[in-house]
Amino acid sequence: MPAIGRSSVITAAPSRLSGRAPRRSVLFFAFAFAVIADPVSSVAYAIEAALRALHGDMALLLPTMGLVIGLVVVVTANYWQLVRRFPKGGGAAAAAARAFGPRWTFLPIGALVVDFVLTIGISIAAAASAVIALFPALAPVRIPLALVLLLVVAGLTWFGHGGRLLFAVMTVAFVVVSVAVLVLGFAAPHSVGHAASTADPGRSAMLAVVLAFPVAMALATGIEAPSTAIAQLGQLDDTHRRRFGRGTLALLVVIVGGLTLALTALAVRLHIGIPGSDSTQIADIAHAAAGPGWLYSAFQLTSALLLLAAASSSFQAGPGLLKALSGTADRPGVLAPVLGRTNRHHTPYWSVVVYLAAAALVIVAAAGQEQELVLFYAVAVFVSFLVGLLAMTRFARQEHKPALAWVNGVAAAAVAFTLLVNLLRGWPVLSMVATLLIAGGLYVRWNRAGRPTGIEDVEARAETD
């Protein structure tokens with residue numbers, strides 16, 4: 001993921017909350033663990049995506065995922081800077097507008113629209129895979145199962161943000177169960193797999209890793225969420241919003257990086273290779289570590305619920321973005337007003353229908369297989385990353401900070417390389433085309449509307465609305 005606050009939390013407490021440390025601690029817990037639900041859920045399919053790109057070469061899996069985490073840290077460092085510069089939210093869209101002009105706002109916005117659709121699709125498909133791994137008899141109805149889960153999540157969206165605190169609970173539950181699986185797997189595993197652990201001597205190991213790691217960069221989705229979600233924290237001042245945003249980014253790196261590397265190391269240790277058609281690698285890891293008992297069931301259940309939470313958060317954020325783009329009676333918009341119509345729970349229901357239809361199409365096209373969608377997933381969000389990094393590079397140069405400009409420039413080059421490698425795989429070009437078409441369409445409508453001001457703050461408005 002998980003974007004414009006892929007996870008929203010109820011933060012409408014009185015302003016005096018900012019003066020009470022215990023309440024701020026509870027608020028930070030709810031905010032941080034809800035926001036990082038999307039990137040944490042990406043662990044469920046990113047490791048397997050890397051292994052498939054490596055053609056099952058277990059010896060190269062850990063170096064590949066290490067490189068992935070390294071780039072995640074680099075991208076997170078950029079959003080650390082964004083939070084400092086834009087404590088009221090805004091993310092890459094705000095940075096692009098202020099660095100290059102408001103017309104550049106639409107590129108990251110287009111990328112986010114595509115990213116939200118893919119987040120919903122891949123999260124629902126992965127949740128269905130988690131359920132099938134636990135109940136293999138459901139494998140023949142994979143697509144109907146995924147569509148039912150999609151309808152359930154979309155239906156719950158009708159009732160607004162009321163239950164979003166559960167995202168934090170789901171994230172913590174998955175982390176706790178995962179730690180238990182890891183401890184048991186390293187200390188006394190139930191069984192060991194049969195995947196070969198030696199690298200293929202007929203090819204360059206370094207080249208294999210370099211070409212494989214961009215596929216697993218789906219793990220990076222959702223990194224941008226804290227930089228926009230802090231707009232929800234209207235009861236806090238800028239200083240505390242910066243602390244919440246940066247604290248969430250730090251927590252994201254620790255949890256996502258730690259879980260990813262630990263599960264990867266366990267997969268290598270237990271020789272858990274590419275799974276069968278009715279399972280997933282992460283499910284096979286848990287089964288080998290804990291056996292078929294209650295812990296394995298708990299792992300599958302919490303991972304499925306976390307993936308559904310990630311889909312639900314994009315079902316909130318995506319329509320929220322369309323609502324913000326549709327404008328209000330006092331502020332002209334870019335999109336048709338119908339997309340901003342809400343029910344009594346403040347849900348823009350026509351925008352939800354748009355995302356429901358798009359996600360259903362994506363799921364059916366991919367036959368309900370999340371691994372078919374991973375390549376597309378690691379494209380759109382990287383457009384937003386690249387624009388944000390280029391903007392921060394320009395800010396650093398304008399402020400005569402050559403060291404920071406150099407670091408941001410190198411990070412932008414790494415992100416551009418990742419994006420290019422994924423595009424060269426062929427079909428992922430469709431994600432880029434969709435991003436450019438949406439961005440171009442929004443830009444045209446913005447011009448026709450008379451170029452209304454404030455477009456650069458649309459991500460922050462989507463959160464506060």
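Tutor: Rings of Phe, Tyr and Trp (its six-membered ring) pair if their centres lie within 6.5 Å; planes under 30 degrees apart count as stacked, over 60 as edge-to-face and the rest as tilted. This is a predicted model, in which local features need pLDDT of at least 70, side-chain atom pairs count only at pLDDT 80 or more, and totals for chains, interfaces and linings use all residues. Residues are numbered from 1 along each chain as its sequence is written, and side-chain values use heavy atoms, with hydrogens and water left out.

Student: Which residues do ring pairs link into a cluster?

Tutor: Phe28, Phe31 and Phe244 are linked in this way.

Student: And how many aromatic pairs does the count come to?

Tutor: The rule gives 13 aromatic pairs. Among them, Phe106 and Tyr443 are edge-to-face, 6.1 Å centre to centre with 65° between the planes.

Student: Where do Phe106 and Tyr443 lie?

Tutor: Phe106 is in helix α6 and Tyr443 is in helix α17 (residues 429-448), so the pair ties together parts 337 residues apart in sequence. Helices here are DSSP runs (H or I, at least four residues), numbered from the N terminus.

Student: Is Phe106 buried or exposed?

Tutor: Phe106 counts as buried, at 1% relative accessibility. Buried means under 20% relative accessible area, exposed over 50%, and partly exposed in between (1.4 Å probe, protein chains only). Tyr443, at 23%, counts as partly exposed.

Student: New topic: what sits over the ring of Phe395?

Tutor: The charged end of Arg85 does, 4.2 Å from the ring centre. The rule requires NZ of Lys or CZ of Arg within 6 Å of the ring centre and within 35 degrees of the ring normal.

Conventions
Helices (H or I, at least four residues) and strands (E, at least two) are DSSP runs, numbered from the N terminus.
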